[in-house]
Amino acid sequence: MNIYKPELVEIMDIIQETPDIKTFKLQFVSKKMREEFSFLAGQFAEYSVFGEGECTFCIASPPTRTEYLECSFKIAGKVTGALNKMNKGDIIGLRGPYGNHFPLEQMEGKNVVFIAGGIGLAPVRCIIWNVLDLRDKFKDVTIVYGARSVSDLVYKRELEEWKKMDGVKTVVTVDPGGETPDWTGEVGFVPSIVEKVAPASENSIAIICGPPIMIKYTFPVLEKLGFTEDNMITTLENRMKCGLGKCGRCNIGNVYVCKDGPVFSYKEMLELPQEY
Amino acid sequence: MKLMKIEKGNLSKLMEHLKKDNFRVIGVTPDGKRFSEKFDETLNFMQSDTPPTSISFKEHFFLKTEALFYYKNNNGAIDLKEPVIDERKTVVIGARPCDTASLPILSKVFNWDYADDFFNRRVENSIIIGMKCNYQDDYCFCNEVGLSQNSEKGSDIFLIPDGDAFIAKTITDKGNKFIEEFAIFFEEYTGNPPAENKNGHDEKKFDYESVKKWLDNNFEHKFWDEAGETCLSCGQCAFVCPTCHCFDIVDEQCGTCAGVRAKNWDACQFSLFTKHASGHNPRDSREKRYRQRISHKFKYYNDKFSEILCTGCGRCSRGCPVSTDILELLEEIDQIAHSTTN
């Protein structure tokens, strides 16, 4: 078997999330793959534009919804630039799913707090929908999401949907200066909004993803609220090529982010050397 | 294990015979630099007291550039085609223990969970005829990393010079079958079993266990600032190394609508190796990259796969344009480790 050869997927729909972020709805070309492909929330894939190369992002749709696979990407380099030029009906490649996943079983019967910044909502959105699709298994859900400005918020339609749901507290914020005159949400950085929302730590677990600086300042806030090191979960990113634990670039010490991660508890992160 | 004997002249004839038999035969080039199908047919390289080749034989198993698949874009319809791999049986002759050992070491990373069949098929198709080494210079340190000049690790057949002949020791079933198939070139060995030759040196240049223990606890240490200071980030060390296996995956377009996705050698010393699209780079200095090189070889790989990612061949040091000597650095770590424990 050729572990480096991707499967073909068709772009069924494209959603322009922000000026530089798009979501693709994807479907496998092969019927067999459509039936057999399965993954867990938090896993990632390698996406190919043939002629340009591959890049790594999480699967942004939940495993509970199988009609499409979704990914969201920000235009940053060569391959995302090429993806940005693709149209509905175009074919790209997909290898995966790779890596570990969010501890869904550990989350069952607990209050769940989701904290995300910018495009960091993509992996969190996958687990949010996974939890909401299996609503009875979890207690209260709190979502705190922030972006630089109103126009940088992703999944806007879903943020509204979450706000309306019972038993789900959704707080959306933008960085100071990023608000518009008609903005009714919060203004402030994610860590301070988390402090303000103050989700209860008892029988709770927090999932955090966003820019490194946001993650760094959110952990102490949660710790102050009483969250323990193994009840704070994040997902790391590192440059990857193979996704298979071979090409040698995503390691942090003796941990390969592509195989031992990308999901780590704060406790596990504290044991890693500071090289990420 | 079986012991046979083969005259040097017969070894040449065997190689000629194999070539005619459509084997891919790989030996050392006349300039002594690398392993190649265009090897020195006089088998002059079958002397155990000459330096190892400048470049390891890794390039025949883990290719410098490997086509992973070909793609074609016909007005939006994508067609992917598997590459054709040279499936000829391969015989590698005259590899030293510091080369042969690299195959079982590399096999670990190429097979955890996901099997890299590009590497595996090449190894499966090959007979590795290793040879005892009698060479020793200031860069060698195979003993320190758990090997020796007599290590049979990775060999299917191991040759020990015996006058104008070689004692051929079969190590694997594959080696056994090979000798049976080409029995006419071999004769029974009636002498005494070859003595367990003493290693090239008795005193270890450094103690691996103390180096490992030091690496376990000293991710942050001023030693790293000095170790990486003079590095040019040229990647020479990785390219001549028998165990370095980092690679890149790139698309190489041929014309407007077709091309190949290839896996190319890469090196952790390159500044772009770990750079994110956002511009963030976890290993943004030579010091951090050099720490990665040493730690990957002598700590991380061992933690993960119970193998040291180094065979002590010394090639990286012999070829380094700024004379960075990995052995000196390991000795230094050993000294620091001892001075802090005492």
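Author: The domain assignment of chain B gives domain 1 (3–62 + 85–188) and domain 2 (208–246 + 266–341), where the bounds come from an automatic or database domain assignment. This is a predicted model, in which local features need pLDDT of at least 70, side-chain atom pairs count only at pLDDT 80 or more, and totals for chains, interfaces and linings use all residues. Residues are numbered from 1 along each chain as its sequence is written, while chains are lettered from A and ligands numbered from 1 in the order in which they are written.

Reader: Which helix gives the largest share of the side of domain 1 of chain B that touches domain 2 of chain B?

Author: The contact takes 22 residues from domain 1 and 21 residues from domain 2 of chain B, two residues being in contact if their C-beta atoms, placed from the backbone, lie within 7 Å. On the domain 1 side, helix H2 (97–100) and helix H3 (102–109) of chain B each supply at least two residues; helices (H or I, at least four residues) and strands (E, at least two) are DSSP runs, numbered from the N terminus. The largest share, five residues, comes from H3(B).

Reader: Which strand gives the largest share of the side of chain B that touches chain A?

Author: In this contact, 40 residues of chain B meet 33 residues of chain A. Elements that give two or more residues to the chain B side include strand S4 (65–74), strand S5 (77–81), strand S11 (247–254) and strand S12 (258–265). The largest share, six residues, comes from S11(B).

Reader: Which strands are the edge strands of the open sheet in chain B?

Author: Four strands of chain B form this open sheet in the order S5-S4-S12-S11, with antiparallel pairing; two strands pair if DSSP finds at least two bridges between them. Five bridges join S4(B) to S5(B), and B:Tyr70 stands opposite B:Lys81 in S5(B). The strands that pair on one side only, and are the edge strands, are S5 and S11 of chain B.

Reader: How are H6(B) and H9(B) oriented to each other?

Author: The axes of helix H6 (residues 208–217) of chain B and H9(B) come within 10 Å and cross at roughly 85°, the axes being lines fitted to C-alpha atoms, for helices over the stretch in contact, with angles running from 0 to 180 degrees between N-to-C directions. Angles of 65 to 115 degrees count as roughly perpendicular. H6(B) and H9(B) are therefore roughly perpendicular.

Terms used
Parallel < 35°, antiparallel > 145°, perpendicular 65-115°, else oblique.
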